[in-house]
Amino acid sequence: DSETYPASELDEARRLGALIGLRHLVVRTHELDNPEYTRNPANRCFFCKEELFTTLQPIAEREGRRWLAYGANMDDLGDHRPGMQSARQRGVRAPLIEAGLSKQEIRDLSRDLGLPTWDKPSFACLSSRLQYGDPINAEKLRRVDAAEAFLRALGFRQFRVRHHDRLARLEVPLEDVPRLWQEGRHEAIVARFRELGYAYVAVDLGGFQSGSANLLLGLKKRP
């Protein structure tokens, strides 16, 4: 549990744990207490995983567990994932990578097992909605969380609200872009986002892109 994740994620974890009979411990982490994290560098995820793994390790030892595991899969190997460095340094295992499973294969297996999360839209922590270098604080995260909760309530499933100071940039799949204008949704979105402190609301013509903040890393490398 952390300010960097919406409460809905914790609720879903509780439901899934109960469904499959797991003993579920809720552990509080404090990423925002680390200035290396809150300054939001390109390797922000390293500091996130450091906080997570150092918090969990004593619990694992207390419980007599030999390994910590996290959910990286084969698709993560082809992207900018600095958190994986922390996992390697601390000996944390990634069973889905060890099994050679891609995200789609995990979805297929989850569906066959009857798990309700098999088609859960891809998700990343709320800090990923801020551009690298934009300092992270709890107020910004709450604003993004509330904006995304509003879109979810309107029936959108796969999307991001990217935070650019007073501007909110919406990423939705291109096939969903027309829905933003149906039934007055655009007016409701603008009104709600202005309540949250955004002066401007823009739609990204590139559509939904998981990890789109990493595009800037590629641009910086160009001559």
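Author: This is a predicted model, in which local features need pLDDT of at least 70 and side-chain atom pairs count only at pLDDT 80 or more, while totals for chains, interfaces and linings use all residues. Residues are numbered from 1 along each chain as its sequence is written, and side-chain values use heavy atoms, with hydrogens and water left out.

Reader: How do you know that helix H7 lies across E1 and E2, and at what angle to E1?

Author: Helix H7, residues 138–153, lies across E1 and E2 and runs at about 145° to E1; angles are taken from 0 to 180 degrees between N-to-C directions of lines fitted to C-alpha atoms, for helices over the stretch in contact, and contact means heavy atoms within 4.5 Å. Helices (H or I, at least four residues) and strands (E, at least two) are DSSP runs, numbered from the N terminus.

Reader: What makes E1 and strand E2 a pair?

Author: Two strands pair if DSSP finds at least two bridges between them, and E1 and E2 (residues 167–171) have five, in the antiparallel sense. His164 stands opposite Leu167 in E2.

Reader: Why is Cys45 called partly exposed, and why is Cys125 called buried?

Author: Buried means under 20% relative accessible area, exposed over 50% and partly exposed in between (1.4 Å probe, protein chains only). Cys45, at 28%, is therefore partly exposed, whereas Cys125, at 10%, is buried.
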